[in-house]
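I wanted to write down what I looked up, one stop at a time.

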Amino acid sequence: PKKLLALAMGAFAAANVLAALAPNAGVLGLARVLAALLAGVYVPTAAATAALLVGPELRGRALALVLGGASVATALGVPAGVWIEAHSSWRMTFAFVSVLAVLALLGIVLRLPAAAKLPALPLRARLAPLARPDVLAVLAVTLLAMTAGFSIYTYVGPVFGAPGAVGAQWIALLLFLFGCGSLLGSWLGGYGADRWGPERTLTVELVVFTANFALLALSARSLLGAGAFMLVWGAVGWGFVPPQQHRLIRLAPSAAPIVLSLNASAMYLGIGAGAALGGLVAARAGAGWLWLLATACAAASVLVLVVPLRAANRRAAPAAAEGS
């Protein structure tokens, strides 16, 4: 894992150097695709490595710490990039990312202990988790929740800048509050998974997630309401990820990097689906109706979570009674 993390981060730095020096849009596009692929390699590997370095009782918090890095990046990365571009050029933004990647690479090489090496698996074994209904159910929750979130996040400007809403001048502040909430939620999600179990923590978070979207139209009318909405959304919208990762590792401990990479793929697919479906709704009905799409997807994620859990509990009850 340590070698893979170092290789992915080093190549990520190189891809951003290529973007900074790109002579045309084609090379820039290629560099961005490479950077995205390498980020897709790095993130689930980092989460799996963190889980391997601690005991099961601290697994949720270890996963939350990795996710917290992504949350801080959400809160600070985009504003930092915009500021650099405004005061220099877009090339310097990519150069700045390269410098950060090199610093991260040094941290990996010099500070990260070597985690246990997992056995190499053939392709069939790597795809085997997709044949398991319990794993697919967990991935479906991730897909639906991310679709809900990014059907709004992609169109934050139109939602809060619409007539009668809080106003476009507050978008930057609202995104900052979202990032603050996501940082807090990442920690709470990991702590809750360790303290009360991932399923109970996840159920509470997704119910709040759904209710918050249902109140979006009302919340968007005032700065206080919009700020509260963004804080809660950031907290539960990112807080559900550590419990999800915790569940997957528990279901397939010997294939932790694989199931976590599948979860990352479900997240990215949900991001794309949310943006696409949100665009259709915004184009045909207006951004004011995006809350309905987000609420429906969030409610579906609750159903996909709760129904299999209740079915499993019903099956386990007779076995427990016989054992006693």
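My entries below cover charged pairs, one serine and a surface patch.

**Entry 1: the model**
I noted at the start that this is a predicted model.

**Entry 2: counting salt bridges**
How many salt bridges does the count come to? I got three. I reminded myself of the general idea: side chains of opposite charge can pair when their charged atoms come close.

**Entry 3: Arg 132 and Asp 134**
I looked up this pair of side chains, and they meet in a salt bridge, with N to O at 2.9 Å. Asp 134 has a relative accessible area of 31%, so I wrote it down as partly exposed. Arg 132 is also partly exposed, at 29%.

**Entry 4: Glu 199 and Arg 247**
Next I checked Arg 247. It forms a salt bridge with Glu 199, and their closest N and O atoms are 3.8 Å apart. Arg 247 sits in helix H12 (residues 241–251) and Glu 199 in helix H9 (residues 198–214), so this pair ties together parts 48 residues apart in sequence. I found both Arg 247 and Glu 199 to be buried.

**Entry 5: Glu 199 again**
I stayed on Glu 199. Its side chain meets that of Arg 250 in a salt bridge, 2.1 Å from N to O. This pair, too, links distant parts of the chain: Glu 199 in helix H9 and Arg 250 in helix H12 are 51 residues apart. Arg 250 counts as partly exposed because its relative accessibility is 44%.

**Entry 6: Ser 151**
I moved to helix H6 (residues 133–153), where Ser 151 lies. Is Ser 151 buried or exposed? Its relative accessibility is 0%, so it counts as buried. I then looked at where its side chain goes. The side chain of Ser 151 reaches the backbone oxygen of Ala 148 at 2.7 Å. Leaving out residues up to four places away in sequence, I found that Ser 151 touches Gly 274, Gly 278, Leu 290, Leu 293 and Ala 294.

**Entry 7: a nonpolar patch**
A nonpolar patch of about 740 Å² is made by Phe 96, Val 99, Leu 100, Val 102, Leu 103, Leu 106, Val 109 and Leu 110. I picked out Phe 96, which is found in helix H4 (residues 90–111). Phe 96 counts as partly exposed because its relative accessibility is 37%.

Definitions and conventions:
Residues numbered from 1 in each chain as written. Predicted model: local features only at pLDDT ≥ 70, side-chain atom pairs only at ≥ 80, totals over all residues. Heavy atoms only, no water. Helix = DSSP H or I, 4+ residues; strand = E, 2+ residues; numbered from the N terminus. Buried < 20%, exposed > 50% of the residue type's maximum accessible area, 1.4 Å probe, protein only. Polar contact = N/O pair within 3.5 Å; in protein donor to acceptor, adjacent residues only side chain to side chain. Contact = heavy atoms within 4.5 Å. Patch = residues over 30% accessible without salt bridge, like charges linked within 9 Å, V, L, I, M, F, W, Y side chains within 5 Å. Areas by Shrake-Rupley, 256 points an atom, 1.4 Å probe, with all protein chains shown as cover. Salt bridge = Lys/Arg side-chain N within 4 Å of Asp/Glu carboxyl O.
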